[in-house]
Amino acid sequence: MMTRVVLQALLSHWWRRPLQLVTLLFGLALATGLWTGVQAINQEARSSYDAAAQALGQGDFDRLVAQGGALIQRQTFVDLRRAGWLVSPVIEGRYGRGEDRVTVIGLDPFTLPPSAGAPDLSDDNDLAQWFSDDGLIFVHPETQAALPDGLPRAIPNLSVAIGEVVTDVTTAWRLLEVDGFSHLIIAPQQPIGLTPLDDLIPSLERVRPDPAGDIAQLTRSFHLNLTAFGLLSFAVGLFIVHAAIGLAFEQRRGMFRTLRALGVSTRRLVAVLAGETLVLAILAGLLGIGLGYLVAATLLPGVAATLRGLYGAAVPGTLSLDPAWALSGFGIALAGAAAAAGQSLWQVAKLPILAPAKPRAWAMAMDRSQTRLALAALVLFAVTVVLLIFGSGLVAGFLLLGAFLLGAAFLLPWVLSRLLRLAAPLARGPITQWALADTRQQVPGLSLALMALLLALATNIGVGTMVSSFRLTFAGWLDQRLASEIYVTARDSQQSEDVRALLEGQADAVLPIRSTDIRLEGQPAQLFGVVDHPTYEQGWPLITALDTPWAQVASGQAVLINEQLWRRADLTLGSELALTADWALPIVGVYSDYGNPEGQAIVAQAELLQRFPDVSTLGYAARTDPAQVEALRAALIDIGVPAGNILNQAEVKTFSLDVFDRTFLVTAALNVLTLGVAAFAMLASLTTLAGLRLPQLAPLWAMGLTRRHLALVELARAVLFAAITWALAVPLGLILAWVLLAVVNVEAFGWRLPMFPFPFDWARLAIWAIVAALLAAALPAYRLARIAPAQLIKVFADER
Amino acid sequence: MLLTVDAVTKTYPGDTGPLTVLDAVSLSLSAGESLALMGESGSGKSTLLHLVGGLDTADAGTITLNGTVITGLDDRALAELRRTQIGVVFQQFNLIPSLTVVQNLAFHARLAGRLDETWVNTVSERLGLTTVGARYPEQLSGGQQQRVAIGRAIAAKPALLLADEPTGNLDEDTADTVMSLLVDLTKEANTGLLVVTHSQARAAALDRHLTLSKGSLA
Ligand SMILES: Nc1ncnc2c1ncn2[C@@H]1O[C@H](COP(=O)(O)OP(=O)(O)O)[C@@H](O)[C@H]1O
Ligand SMILES: [Mg+2]
């Protein structure tokens, strides 16, 4: 009964201030939504990696592989079966080009262990066709929509991973134009008394299954990046909630005292308030989950494109609803509300019944709390430095960024007050003098929103600088790297000979592209063989090299490696790199290789072909007069090369840059969202503060300032705050960009990028920040300009 | 005549129909003269003060200040009037919390564009505020705050000073001092003074007094 009365009194506050209620709910919902959305995306991607690893018995069985990634001979398989070993052959390779490229997996259903997930062949027709000359493929419905040309009839099957094509071994051989097996699956149960594998086939290596999969490893950085963004948005959202709850408690302080004086115990008061917070959190949590689903569903296609483009990982573009992240969203809403309300509840618990006789002067109180925050900032900066010196790895990199940004945000109120204090003597007229002094007084009330704005702006500048620097470097690198005017992929080895003959006749130089997948320093990698041609020497983007690297490579006595491999394996120039068990060459140079998740090495083509006679021989690059490209294309089409298999330099560049741009679309979207959250925080703070400001504004009005004039000052103040915050965000963002480029990127991708300033982008962001501030201040300012004089007079009324 | 109020009427929409707070009220005040406005709570004293001060607008009648009819002026003109002709002192919420005492004292004069440093210093001295000049309003006692408010109004040398229960929050002794300072300083500046007060004793310190009752002056 009593609780009901208390509750009624407390809730009447919200009834009278619906906007504040909306702010609180929306702030928490926004925080929860962005966090949940990011979680949903990560979850979706992760489960599709798992599916890829699980499908077709890839994940759970030990395998036999040849050293250096070479194919296993058919005879080896036959020998092993004869010796009693239960092994099953798998041939795996890539088919098609560009966007439509798929991974073809050839299986042998008769020897496949039962739990390996063989496709369902219960339909007699399917079974017959599976073994017919044409063959049959199984694909995920989503893959089926964009299959490359020349594949047999496809049957949709949900258990096949996206981007993969499952077929029988013979069809796979035909499609991939190879003969042999990539690896042999070893059934977990084997007959007793077999000859050990090491004695039977010492050249093969038995490898343990890698349940996480290489993809999961590679994309870890990307997901960490998303999570970091989600966390940032959540932090920004919490700022809003903290501000809104703090204000609601502050405004009801008098009511709390009255209730306590009327005999309501502190315990009951705190319990009712906690209950109120809980209800709000539940409502906001529901709203947030809905919002999160929306965010995830909107961003997922972009994320899927990124993962495909940057890592070759296939993720569906549509979202499936998973109660796990919905629950986690709920949890985070509750935790967030608890964190934001904790301080206020504590204060209520400690609230004396009688108001202190003399409120502490605001100036002193302000200095105190600002100094405390500034000290916390120093601690965080110390953590940053420690992490910078001693930390290693991606997580340390992100922690470093977090500590640094949070520290900077904590320092903001202190810096703002100092700046405004320094500016005070510069004021000429009385209104400027008042506005500056008053602005300083507003800092505590607005500091949470301004911190949020600072974080959002700094992140925008930092991430923006990183992406733009990357793009500039990438574009320049593409220009160097894509020196050849035309790129052709023959359909089969027969056509390959025709293509070569044609190119040799009509182009200035033919540069056959020959490569094979191998493992270098224990990581998956590609080995390229290049012919001796000045194109490479002139154009290839070497980061560091010994003397005459290309001549040494051409002689077959040296190898070049990409930056990723160089950094990850900590290799040095001049040291030997083991390419296969019995083949090692000294490293004579390192080249940049952006956008490639894997390690790479370049040797002389003749050497490559001799060691790996089975490499695909379909790809060619050719040098020619750019004016001749179209004629050459026509000639190639005449001899039967599919038009889609011929690309000129410009097309490859456009395609690569397109992939790049889509890769960072998600980042841009999250950037905008974060900025939006910060703008909302400003709006929320300014709107709620507006009510408290009347007593400060009324005397000015009484002394002859018009309401319009006061409203303009409010707008100018918001602009000033946004401008100062932006000015502080620029250096902060640049430091952030440096950390991203020099620390996080190296850890995540294995390459280090130069940093370029983009002042035009900063200026644009300044405009955005000011527009956001103006929008946030517009409503309270408009209300002030329109306020009834009676409202202002009321401030002075005796009843107060 | 400094101020002429002629048949001014003000009606508020009340819960039980329109409430006529002022019913054709008339009064006048000459420069340097002081007038105490008395009456029960709710009799419309504050309302009349607000109308005279250009803070609110009358429904009927005219108010003339220094030869200018102020009833019917627009928002801008009223603001200018308040800035240059009128000083106001309320019971509370008078001061600008973000400015120091010194800054508060000079503020209205600077707004009006006629800052006279010597006069501000004189006022500050007379009010005993020289030692607290660097403090912020929150660091002052109620009596000190009210003296700053009075000082700020007088420092701007307005033609008319309006005070609505300026001593209502103060103890008896302080109230007496504050009121006599108010009367003395306005006399020195030749400023007309209109004070709303409950206290007969304090009203006696002024040149004239009027009592509002049921919407009319007695
Ligand atoms: N803005 C307003 N709206 C409605 N009624 C008002 C308003 N302002 C004052 N009143 C009413 O007008 C009457 C006179 O108020 P006021 O001038 O403040 O009286 P006093 O100052 O003599 O105590 C009171 O009944 C009050 O309730
Ligand atoms: Mg009154």
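1. A helix here is a DSSP run of H or I at least four residues long, with numbering from the N terminus. With that in hand, look at α20 of chain A, residues 629-638, in this predicted model. A:E630 and A:R633 both sit in that helix, three residues apart, about one turn. Their side chains meet in a salt bridge, 3.4 Å from N to O. Side chains of opposite charge can pair when their charged atoms come close.

2. How many salt bridges does a search of the whole structure find? Over all chains, the search gives 20. Across the interface of chain A and chain B, the rule finds one. That one joins the side chains of B:D75 and A:R707, at 2.8 Å from N to O.

3. Now the rest of the A/B contact. Chain A puts in 34 residues and chain B 31. About 3000 Å² is buried between the two chains, and carbon and sulfur atoms give 59% of that area. On the polar side, five residue pairs are in polar contact between chain A and chain B, with both residues of each pair at pLDDT 80 or more.

4. Which helices of chain A each supply at least two residues of the side that touches chain B? They are α12 (362-390), α14 (430-481), α22 (665-702) and α25 (789-796). The largest share comes from α14(A), with eight residues. By class, the side of chain A that touches chain B divides into 20 nonpolar, six polar and eight charged residues.

5. Last, the cavities. The rule counts five of 30 Å³ or more, and the largest cavity holds about 60 Å³ of space. Where does the lining of the largest cavity come from? In chain A, α16 (534-539) and α17 (549-554) each supply at least two of the lining residues.

6. By class, the lining of the largest cavity has seven nonpolar residues, one polar and two charged.

Note on methods
Residues numbered from 1 in each chain as written. Chains lettered and ligands numbered in written order. Predicted model: local features only at pLDDT ≥ 70, side-chain atom pairs only at ≥ 80, totals over all residues. Heavy atoms only, no water. Contact = heavy atoms within 4.5 Å. Buried area = accessible area lost by both parts, 1.4 Å probe. Salt bridge = Lys/Arg side-chain N within 4 Å of Asp/Glu carboxyl O. Polar contact = N/O pair within 3.5 Å; in protein donor to acceptor, adjacent residues only side chain to side chain. Nonpolar A, V, L, I, M, F, W, Y, C, P; charged D, E, K, R; others polar. 1 Å grid on protein atoms, 1.4 Å probe; cavity = no way out; pocket = protein on both sides within 12 Å on 5 of 7 lines; lining within 4 Å. Points joined across faces, edges and corners; volume = space filled by probe spheres on them.
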